[in-house]
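Reader: I would like to go through the labels used for this model and see what each one rests on. Please set the values against the cut-offs.

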Amino acid sequence: MHFSCISIVTTSAPPAWGGNAKLGASEPPSCCSFLMLRQEKQQLSLLLSLHCLPSVHSALFLFPRFPSPFHISLSLSPPPWPVSDKFIEVDNRDMKEKNPWHRPVTIIITVIGVIAIVALVTVAVLQNKPLSQKYKYGIVLDAGSSHTALYIYQWPAEKDNDTGRVEQMHSCKVKGPGISSYASNPSMAGESLKECMREAQRHVPASHHSETSLYLGATAGMRLLDLENKSASNKVFLAVADALQKFPFTFRGARLLSGQEEGAFGWVTVNYLDDRLKQEFRLYGNDYQLYTHSFLCYGKDQALRLTLAHQTRTGLGTIADPCFHPGYNETKKYSDLYDSPCVSDRKPQQAPSNFTHTGIGNFQQCQEVVKKIFNFSRCEYSQCSFNGVFQPTVQGKYGGFSAYYFVMNFLNLTDTSIPLESVKEKLARHCATPWRELKNKHPDIKLKYLAEYCFSGTYIITLLTEGYNFTSETYSTIEFIKKIKGSDTGWTLGYMLTLTNLIPAEAPDTPPLPHAGYVSIVTVIALVLFVLFIFSLRPLWPRCSKQPQIV
Ligand SMILES: Nc1ccn([C@@H]2O[C@H](COP(=O)(O)OP(=O)(O)OP(=O)(O)O)[C@@H](O)[C@H]2O)c(=O)n1
């Protein structure tokens, strides 16, 4: 209690003061009210002017030395007696003795209440805290046409069926070209994977090796090899399977993915990582109508072959390529250029063994050459992308990953809020940059990639606008993405989720509140209950009257 500042003004020293009250002569504290005290017959009266009501109210109960029962007169009117400049300061020590908060019962109840709240909140927190995580692992090798990459995924062991919880734990880029390049030496295809596989062995805890599934999926490069030479492609698959089986994981096969599978698994990956499967698409137990089409020979590398094949179709010894930089000058073999089923039947009869590939760096002309590799006019459907393939109207966001991302990222064009016209202008400036200047500016970038970014950027913009019909208005709906929530975008995650049955038939039940929200609510409710409990103890509190009353 807080009565040390209480001053009482009297006209005369009342006879009934106890020994703990003493006369004072100081000025009354500014906040305090005046108490008038007088004795009439056997009754003491206090007259009060309520300038600071709460403290004065309480003060009235704390004169220990008055006869009991203690009657109080309260009045809101100014005191009728002349106010003296004498003050009586009330001795605090007796007040404290009578302070109900210092009573043992109140103290015990308060302590028990606090302990109960702490216990309640602790139990709520511990009960709902995620248990120390035990993980499961899965490994997928993406055997692409230009390179192979290994991805390790992990997810909490006890929550196999929850979505949005599988995440990429590690990735490893296999040194050397894609496995299809080892057609003439298949065992080297297996050999090339070993370094990343050993890395995977180090990243997945040894106790989990045997239960970790390992998959290899091959895409465009092996599709082309399969078309060209089935036995060679089988040998490459056997060689990589043989190498992968030697590792302590559960090897679940090396196989060719169809273009449709690659598209669909890529769709599952990005929508899974974006948490869209749960909310929007309801993959769980539902059928989807998904449009996917893979244009074999129209990936970036094969598209470049097609444009070069177009430019060398007459068997020239030198070509001046608008898609390569001014000053670019390389001697290339006709046999290498035409060594792909995408162009092999177009090889000019009278071609020399080599041609000189020079650059003139002109975006507009490059776009004209690139357009030549697509057939935009033939269409038997309501609308087509190119080569007579049906193309539905694109809805929602359009994600461009892998080569789309690498190229646009190099060109500083991943921001699709940049107007399409500005994108083209920037690309034109890039293409016109002399080759020597570009090499000096980017000494760390692989020369093959650097030389091709003008072509690649032009090919991407042409494909998006002329092929997939993006316009200046819709260009901003495109997102060039590399990763979503730490996982690379691509088909591999969707493939593993599907083969490992990590997407359940039914949507999982999710708690209505996140953990933090739940704990906060429990805490607030506990505090409210505690305050109510304390108020329920009011009979133990000192009696006070809110209304001025005359007793
Ligand atoms: N920094 C980089 C890395 C890669 N690339 C290019 O990006 C393409 C790789 O694309 P990706 O879709 O990963 O190809 P692959 O998986 O190798 O092939 P695919 O899936 O078509 O079989 C290749 O042309 C490569 O030259 C690039 O231009 N810049």
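Reader: Which residues does V240 touch, not counting residues up to four places away in sequence?

Author: This is a predicted model. In it V240 touches I179, A189, G190, L193, L216 and A254, with residues up to four places away in sequence not counted. A contact requires C-beta atoms within 7 Å.

Reader: What makes V240 stand out in the largest nonpolar core?

Author: V236 and V240 are the residues with the most contacts inside that core, which has 53 residues. At least two core residues come from each of β6 (135-143), β7 (148-156), α4 (186-203), β9 (213-218), α5, α6 (230-245), α7 (259-273) and α16 (492-499). Helix α7 gives the most, with seven residues. Apart from this core lies another of 36 residues, including A303, V423, C454 and F480. As a general matter, nonpolar side chains in soluble globular proteins tend to be buried together.

Reader: Why is E262 called buried?

Author: The cut-off for buried is 20 or more other C-beta atoms within 10 Å. E262 has 24 within that distance, so E262 is buried. Helix α7 holds this residue.

Reader: What does UniProt list for E262?

Author: The unreviewed UniProt entry gives the annotation "active site" for E262.

Reader: What separates the C-alpha atoms of K134 and Q154?

Author: Their C-alpha atoms are separated by 9.8 Å, while the two residues are 20 apart along the chain.

Reader: How many residues surround the ligand, and which are the closest?

Author: There are 17 residues around the ligand, and G144, S145, S146, A220 and S402 are the closest. Two or more residues of the shell come from each of α5 (220-228), α9 (300-311), α12 (403-410) and α15 (447-467). The most come from α12, with three residues.

Reader: What kinds of residue make up the shell around the ligand, and which domains supply at least three residues each?

Author: The shell divides into five nonpolar, 10 polar and two charged residues. Domain 2 (135-294 + 491-499) and domain 3 (300-484) each supply at least three residues to the shell.

Reader: Which residues does UniProt list as "transmembrane region", and how much of residues 105-126 and 516-537 is helix?

Author: The unreviewed entry lists residues 42-63, 105-126 and 516-537 under that name. In the model, residues 105-126 are 100% helix and 0% strand, with end C-alpha atoms 31 Å apart. Residues 516-537 are 95% helix and 0% strand, and the end C-alpha atoms of this span lie 32 Å apart.

Reader: What are the totals for helices, strands and buried residues in the protein?

Author: The protein has 17 helices and 17 strands. Of its 551 residues, 30% are buried. Among contacts with a separation of 6 or more, 77% are between residues 24 or more positions apart.

Notes: Residues are numbered from 1 along each chain as its sequence is written. This is a predicted model: local features need pLDDT of at least 70, side-chain atom pairs count only at pLDDT 80 or more; totals for chains, interfaces and linings use all residues. A residue is near a molecule or strand if its C-beta atom, placed from the backbone, lies within 6 Å of it. Helices (H or I, at least four residues) and strands (E, at least two) are DSSP runs, numbered from the N terminus. Ala, Val, Leu, Ile, Met, Phe, Trp, Tyr, Cys and Pro count as nonpolar, Asp, Glu, Lys and Arg as charged, and the others, Gly among them, as polar. Domain bounds come from an automatic or database domain assignment. UniProt positions are given in the numbering used here, feature names are shortened, and annotations may be inferred rather than shown by experiment. A nonpolar core is a set of buried Ala, Val, Leu, Ile, Met, Phe, Trp, Tyr and Cys residues joined through C-beta atoms within 7 Å. A residue is buried if 20 or more other C-beta atoms lie within 10 Å of its own, exposed if 12 or fewer, and partly exposed in between; C-beta atoms are placed from the backbone. Two residues are in contact if their C-beta atoms, placed from the backbone, lie within 7 Å.
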